[in-house]
Amino acid sequence: MPRNTSSLYGYKHLVLALLIVAATTLSGCSTFSGMFNKFSFGEDEDPKSLPPETLIVQGMDAYNVGDYSEAVKNFKLILDEHPFSAQAMLAELKAADAHYYNKQYAEAKTLYKAFEEHHPTNEAIPYVLFQIGMCDYSRSDRIDRDISGPQEAIKSFTRLINAYPQSPYAKEAKTKINDSKEFIVNHEYLVAVFYVRAARYDEAKHRLKYLLARYPDSNLAPQAKALLDHLEAGNKPTWGMNRWLPEFMTKAPADRKEEAAPVEKPVATPNTDSSQSDTKTKE
């Protein structure tokens, strides 16, 4: 083969090889670039978040119609992604409110206490302290169950009254304290009756004495004293114990003689329901 023909043949093979390498390299680069963009930056998977002004409006819109889970999502985004924004303080308080009205009392109490810790001089603190008490108070269920809720509520409401005696929430806090005490009294009395039914009279007398010493002015105090006197006289009950129980423990509400309790109006919250974070949340 002539030299020039051989050179041309070799040149063609070299060009073809370079084209193949170039094509492979470009393809690889394109693939790698796509993978890099997708997995390193994650722009397709994690779109840029909304501004806090939009999130607070969306959160309050959801809150005002009772969609508390959606409201919390928006408030949490503000706190996670825009913690130093003008909307962050409002989001912090309303996230606690949303949990409370969604009956997530433990979560709400944690958030209210965090707000108090972060903003101790804020003018919404009396409301926050009242809500902490309400988180405990709202855990009160049946008198034959755990009484830690009303016990903690008394402590929380007392703290509010001592710190802010002139607060508009102080009067309602006193009412809630009395209600919590009556709840505890009812529990103690029911336990005493249980001991009588089980013929555990010494334990019954111990409970009744504790009740009378701790809550001498309670509604059940006269009945508790009558039962205690009966037991100390050695008169073991031989008839149905329902005679020693108040009506609310033995009858359905419709069958009771007392009048129905008035509907309780909710205590007003600080005016923080707007999208402006400086409303009632300035430190």
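## Crossing of α7 and α8

The crossing of α7 and α8 is left-handed; that term applies when the near helix is turned anticlockwise from the far one by less than a right angle, and right-handed when clockwise. Helices here are DSSP runs of H or I with at least four residues, strands are runs of E with at least two, and both are numbered from the N terminus. The axes of α7 and α8 come within 9 Å and cross at roughly 155°. Axes are lines fitted to C-alpha atoms, for helices over the stretch in contact, with angles from 0 to 180 degrees between N-to-C directions. The angle makes α7 roughly antiparallel to α8 (over 145 degrees; under 35 is roughly parallel, 65 to 115 roughly perpendicular, the rest oblique).

On the α7 side, the contact includes Pro 150, Ile 154, Phe 157 and Ile 161. On the α8 side, Ala 173, Ile 177, Phe 183 and Ile 184 are among the residues. Contact means heavy atoms within 4.5 Å. By class, this contact has 11 nonpolar, three polar and three charged residues. Nonpolar covers Ala, Val, Leu, Ile, Met, Phe, Trp, Tyr, Cys and Pro; charged covers Asp, Glu, Lys and Arg; the others, Gly among them, are polar.

## Model and overall fold

This is a predicted model: local features need pLDDT of at least 70, side-chain atom pairs count only at pLDDT 80 or more, and totals for chains, interfaces and linings use all residues. Residues are numbered from 1 along each chain as its sequence is written, and side-chain values use heavy atoms, with hydrogens and water left out.

The protein chain has 11 helices and zero strands. Buried residues make up 37% of its 283 residues. Buried means under 20% relative accessible area, exposed over 50%, and partly exposed in between (1.4 Å probe, protein chains only). Among contacts between residues at least 6 apart in sequence, 56% join residues at least 24 apart.

## Nonpolar cores

The largest nonpolar core has 47 residues. Such a core is a set of buried Ala, Val, Leu, Ile, Met, Phe, Trp, Tyr and Cys residues joined through side-chain atoms within 4.5 Å. Tyr 112, Tyr 189 and Leu 208 have the most contacts inside the largest core. Helices supplying at least two residues each include α4 (88-101), α7 (148-163) and α8 (170-197). The largest share, 12 residues, comes from α8.

Beyond its neighbours within four places in sequence, Leu 208 is in contact with Tyr 189, Ala 192, Ala 224, Leu 227, Leu 228 and Leu 231. A second, separate core of 15 residues includes Tyr 68, Ala 71, Phe 75 and Ala 88.

## Packing of α8 on α10

α8 and α10 pack at an angle of about 25°, with their axes 11 Å apart. That makes α8 roughly parallel to α10. Their crossing is left-handed. Tyr 189, Val 193 and Val 196 of α8 meet Gln 223, Ala 224, Leu 227 and Leu 231 of α10. The classes here are six nonpolar, one polar and no charged residues.

## Two buried residues

Val 72 is found in helix α3 (residues 68-81). Val 72 is buried, with a relative accessible area of 17%. Val 72 and Ala 98 are 26 residues apart in sequence and 6.5 Å apart in space, C-alpha to C-alpha.

Ser 156 sits in helix α7. Ser 156 is buried, at 11% relative accessible area. Not counting residues up to four places away in sequence, Ser 156 touches Ile 132, Gly 133 and Asp 136.
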